[in-house]
Amino acid sequence: MTDTTTPSFWLSLPEGFTSIDLSEDPGDRMSRIVDGLEALTEAGPEQKLGIAISAELALQAQLREGVVHVSNCLVQTEEGEIVQGMFSLFLREQELGAPGSYAQRVARELATAWPDADVDVLDFPLGRAAVTVRDLAVPVSGAVYGLPGSGVATVRQLEALFPHPWSPHVLAVVFTTQHLDYWDGWSVLVGAAINRISFYPPLSEAPDALPPERRDNIRKAFG
C-alpha cells in the first residue's frame with residue numbers, strides 16, 4: 001500500500017489468504033467465495049452460502065470502521081471440515097506517546113477495559129505490538145439465512161496494534177473467526193501473515209518508493 005494520504009505498509013499474503021477487492025459488488029464477492037469453496041469441499045450449497053454470507057456481513061461491518069485491507073482465509077482441516085477466517089488491516093490516527101512506550105501502555109489500558117481478554121505485548125519483525133484475544137457475541141439475523149427469528153454467534157478476535165514508525169498512526173491487524181475449535185491452527189497462520197507485513201518496501205522495489213526523508217538508507221546501500 002503506497003497511498004499518499006495514509007502512511008505506507010507492504011503486505012505479502014501467505015498461502016490460504018486471498019485478498020478481497022473492497023470496491024467489488026457484494027454479490028460478486030459472495031459468488032467468488034462460493035466458487036472457492038467448490039474447489040475445497042463437497043459441502044452442500046446451503047453451507048457454502050452460509051459461509052459466504054457470514055464473510056460478507058463481517059466485511060460490511062469492517063468497511064464501516066474504515067478497513068484498508070481484508071483477506072479471506074479458507075482452510076480445510078485434516079478432518080475435511082472447511083473453516084473460515086477474516087484478516088483485516090486498519091490505519092487509525094492516534095497519539096503514540098513517548099517512543100517505545102506505546103505497546104506496554106496500550107496493553108495495560110486494554111487489560112483494564114477488557115478484563116476477560118488475553119492481553120500481551122509481543123515482538124514481531126514489524127515491531128512490538130499490544131495483542132489481545134477475546135471472544136465476542138455477535139447478533140445474527142435469521143432473515144439473512146431465510147430463517148425466522150435471530151440468534152447469537154460467538155467469534156474469536158485477535159487484534160495486534162503496531163505504532164507506525166514515522167506517523168501518528170496505529171496499524172491494527174485484526175483476525176476474526178467463528179471456528180474456535182481450530183484456534184491453534186489459526187494462531188500459526190495469522191502469525192505467518194503478520195510476519196509478512198512491513199513498513200518498508202521490499203528489496204525488489206525501487207529505493208525511492210518511500211518519501212526521501214523516510215527511505216531505508218541501509219537497504220538502499222546494500223540492496
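Q: What percentage of the 223 residues of the protein count as buried?
A: The model is predicted: local features need pLDDT of at least 70, side-chain atom pairs count only at pLDDT 80 or more, and totals for chains, interfaces and linings use all residues. Residues are numbered from 1 along each chain as its sequence is written, and side-chain values use heavy atoms, with hydrogens and water left out. Buried means under 20% relative accessible area, exposed over 50%, and partly exposed in between (1.4 Å probe, protein chains only). Among the 223 residues, the buried share is 40%.

Q: In what order do the elements of the protein run from the N terminus?
A: Helices (H or I, at least four residues) and strands (E, at least two) are DSSP runs, numbered from the N terminus. The protein has five helices and nine strands. Their order is β-β-α-α-β-β-α-β-β-β-β-α-β-α.

Q: What share of the contacts with a separation of 6 or more joins residues 24 or more positions apart?
A: Contact means heavy atoms within 4.5 Å. Take the contacts in the protein with a separation of 6 or more; residues 24 or more positions apart account for 57%.

Q: How much of the accessible surface belongs to carbon and sulfur atoms?
A: Areas come from the Shrake-Rupley method with a 1.4 Å probe; for residues, only the protein chains shown count as cover. The accessible surface of the protein is about 12,400 Å². The part that belongs to carbon and sulfur atoms is 52%.

Q: What is the C-alpha separation of Leu89 and Val70?
A: Leu89 is in strand β4. Leu89 counts as buried because its relative accessibility is 0%. Beyond four places in sequence, its contacts include Phe9, Leu11, Leu171, Val173 and Ile197. Along the chain Leu89 and Val70 are 19 residues apart, yet their C-alpha atoms are separated by 6.5 Å.

Q: With which side chain does the side chain of Ser71 make a polar contact?
A: Ser71 belongs to strand β3 and is buried, with a relative accessible area of 0%. At 2.6 Å, the partner of the Ser71 side chain is that of His69.

Q: Is Thr132 buried or exposed?
A: Thr132 sits in strand β6. Neighbours within four places aside, its contacts include Leu110, Trp114, Asp118 and Gln157. Its relative accessible area is 2%, so Thr132 is buried.

Q: Which backbone nitrogen does the side chain of Ser198 reach?
A: Ser198 lies in strand β9 (residues 197-198). Not counting residues up to four places away, Ser198 touches Phe9, Trp10 and Leu126. At 3.0 Å, its side chain reaches the backbone nitrogen of Tyr200.

Q: What kind of ring pair do Phe124 and Phe162 form?
A: Rings of Phe, Tyr and Trp (its six-membered ring) pair if their centres lie within 6.5 Å; planes under 30 degrees apart count as stacked, over 60 as edge-to-face and the rest as tilted. The count comes to six aromatic pairs. The centres of the Phe124 and Phe162 rings are 5.5 Å apart and their planes stand at 65 degrees, so this pair is edge-to-face.

Q: Over which ring does the charged end of Arg156 sit?
A: A charge sits over a ring if NZ of Lys or CZ of Arg is within 6 Å of the ring centre and within 35 degrees of the ring normal. Ring pairs link Phe175, Tyr182, Trp183 and Trp186 into a cluster. The charged end of Arg156 sits 5.4 Å from the ring centre of Trp183.

Notes. A polar contact is a pair of N or O atoms within 3.5 Å; within protein, one must be able to donate a hydrogen and the other to accept it, and residues adjacent in sequence count only if both atoms are side-chain atoms.
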